[in-house]
Amino acid sequence: MKLLEPYSIGKMELKNRIVLAPMSNNLMEDGFITDRAIRFYEARAKGGVGLITCEDGIVDYPLGNNVRFPGAIDDDKYIPMLKKLNDTIHPYGAKTTMQLAHGGRRSGRVAKSGYLEVTRGKVPVGPSEVAHPAPGYVVPNELSIEQIKQVIEQFGQGARRAVEAGFDSIGLHCAHMYLCGEFLSPWANKRTDEYGGSFERRLRFVLEVIERIRKEAGPEHPIIVRVNGMEPEGGNSLYNIRRNAHAFEKAGVDAIHVSVGFAATIKDPMFIPSIPSMRFSDGPIVHLAENIKKGVNIPVIAVNKIRTPDFAEQILQEGKADLIAMGRTLIADPDFVNKTMEGRYEDIRPCTSCCIGCIQNVMSDLPLSCTVNTMAGREGELKIEKTKKPKKVLIAGSGPGGLKAAIVAAKRGHDVTIYEKQDRLGGMLIDGAIPPYKTDINRLTGYLTKQVDKLGVKVVLNTEVTPSLVNTWKPDVVIIAAGGDPVVPEIPGVKSRNVTAAVDVLRGQAKVGDDIVIIGGGQAGVELAEFLALKGKKVTVVEMLESVGVGMPSQSRMPLLFNLEYHDVNILTLAKAEEIIKNGVIVSQRGEKRLIKADTIVISVGYNGKQEFIESMKGAAPEVYSIGDSVKPGNIGDAIHQGFEVAIKI
C-alpha cells in the first residue's frame, strides 16, 4: 500500500505518506504552545502519522495573527516550548514541520464590540488597501517597501527559531489569502511597484521570503509551501497557479501542499471553500493537486476531505499526488494510521464534515473540539478506564448519545443493553441523514452501530422503555437517551389536516402538495426547504428571527442558502405565522398581514425534551441519567459528548 510506504521530501525521510495538515486549534496561550496543544499533536504522532505539521507559527505576533489564539515564533522566548513539542513527537518516529505564516488582511476580523480582537487592536497590513471579502473585515494598511523588507526578515528569523526548536522542515503558508497568498494574487495585490502589477512582480515577495528561509534552514531542512489550488474570478488562473509552483521549485522549495483558501461566502457554485462541508464529495480539490503536479518535479501533497484509506490510496495510485494530508480526519480519529496498518478500517471513527467543533468553535475563539471524538483537544484529560464494579446498564434510545454511552460503558466492562422503540439503531441520526447532502451522517451511524455489535452490547428493538419494564429488568443504571418530541406551536389551526411535522415529511410518512409553507427557519427548516425544492415543490419559509439557519457553521449554511436562492425558495424573516387556514398561512411581517397560499404547512420549530418520561423514571434505578434531546435540544455532538461523560462516571 503506497499510503504506508516510506517517502522522502528533500533530505527528510518519512515513515509513511500521511501528513497531519496544519490547523488552528486555539489551544495556545499568548503565542506559546501549551502542554494541552502538545498532547493534541502527540496523539496524532502516536497514532502513526508520518509528518506532523504544527499550526501556523506567526512571524509577527499579534499583527500577523490568523486567529485569536495562534502559536507564535517571532521571539526566542517561544523556542523552549516548541522544542518540548518536538522532543515529545520525535520518539514516535514522526517528523515535524513548522508552518510559518502571517495573516495579512485576514487578521482584520472585527468583533461585535468593534474591537480588532485577533490583532489586539492593531489595524492589519496587506499588499494593498483591499479588505478580505468575508463580512466583518477591515481595510488593511498597505505595506511600504521598508515594511516588506522587515516582514521578509521576520520569516527568516522564524525559520531560524524553528530549526533551533528541532523542527525537521519548514512550511510556508501561501494559501488561504494569508499575506504571502495576498501578494501572489491579483485578487488582493493591486500594487504597481516591484511587488505587484505583473505575474513576475507578484511572485517577488514570496521568492524573497523563500530565499531568506533557505539561508536560515540550510540544505538539511526541506521547505514545504502551501498554495491555493484555485482562486475566484479576478484571482490567479489554474495556469498561473501552476507557474507559481514551478517558480517555487526553481527557488529551491522541496514540496508543494495544495489547498484552497476562501470563505464559504463566495457565491459561486463551482468554487470550493477551504473547509468543505457534507455538501461536497470526498476529495473535492484533488484535481487541483493534480494540476500542479503536472507542472513540477517535486512532491505534491493533496488535502481536503480525504477520509478513508482506500480513497487516499487511490489518489496515490492514480498519480494525482505524492502524499496525503488530513486535518479533520485525524481530529476525528488520531489512530487512523495505526488502524489502517492493522486493516481495521471499520474501526476508524469517521469525520462527518460537520464543521462544528473544529471550525465553528475556532472561529468563535473557542478551543478546538470534535463532534465525534470527545477527546479531541482534551487528550490526557479524558480516559476510558476499566471499572472495578461492573454494573447492569439499561439505555433507553439509540441515537448518537445512547450509542456513545453504550460503547464507552461496554469498554469499561459494564453489562449494557439498549432498548430502541424503532426497528433499527440510530434514532435521530437516521432522520438527520435524509436531507440533501447529509449522507455523511450514515457513516457515523454505521460506525457506532458496528462498535456496539463488536463490544457485545445487547440490543432490543421495537420496544419502548417504561417504568414497569425497568422495574422488571432491575438495572443498576438507566441512561435516558430517547430524543425529544416535535414542538407544536400555539397557532390557530395548527391541528388542521393540511398541517404536518417536518420529521414526517422527511420520513415520507406525510403527503405534501406542490405549494408548501415551512414554519421555522432553523437548520431543520432550511434543510427541509432544500429537500422539498429539489423535488420541484414551491416552498416558503417563515422565520421569526432576522435570518435563517442561525447557529449553523458558515461552511454548511452559506452554500445551502445559495442553493435555496437558486431554487427560488421564498424566505420570510422577522415574520410570524398568525393563523393556519384551509388554503395557507396568515403571516404578519413588519406590521402587515398577508396570506401565503399553500397546500401543506410543515411545522419545524424544534423539539421539546421528554420531561414527563424523565420524571416517571426517577427512582426507577439506583442511578438514572438523562442526555441529549431528551433533556434539551442540541446537535449530534452535544449528545455524543453527554453520552461519553455519563458513561465514564458510572
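Me: In which sense do strand β20 and strand β21 pair, and over how many bridges?
Reply: This is a predicted model, in which local features need pLDDT of at least 70, side-chain atom pairs count only at pLDDT 80 or more, and totals for chains, interfaces and linings use all residues. Residues are numbered from 1 along each chain as its sequence is written, and side-chain values use heavy atoms, with hydrogens and water left out. Strands are DSSP runs of E of at least two residues, helices are runs of H or I of at least four, both numbered from the N terminus, and two strands pair if DSSP finds at least two bridges between them. Strand β20 covers residues 515–519 and β21 covers residues 538–542; their pairing is parallel, over five bridges.

Me: Which residue of β21 is the bridge partner of V517?
Reply: Strands of a sheet pair through backbone hydrogen bonds, either parallel or antiparallel. For V517, the bridge partner in β21 is T540.

Me: How many salt bridges does the count come to?
Reply: A salt bridge here is a side-chain nitrogen of Lys or Arg within 4 Å of a carboxyl oxygen of Asp or Glu. By this rule the count is 39.

Me: D76 and R161 meet in a salt bridge; is R161 buried or exposed?
Reply: The N to O distance in this pair is 2.7 Å. D76 sits in the loop between β5 (71–72) and α2 (79–89), and R161 in helix α3 (residues 145–164), 85 residues apart. Buried means under 20% relative accessible area, exposed over 50%, and partly exposed in between (1.4 Å probe, protein chains only). D76, at 40%, is partly exposed, whereas R161, at 10%, is buried.

Me: How many residues apart in sequence are the parts tied together by E208 and K149?
Reply: The side chains of E208 and K149 form a salt bridge at 3.5 Å, N to O. E208 is buried at 17%, and K149 is partly exposed at 39%. E208 lies in helix α5 and K149 in helix α3, so the pair ties together parts that are 59 residues apart.
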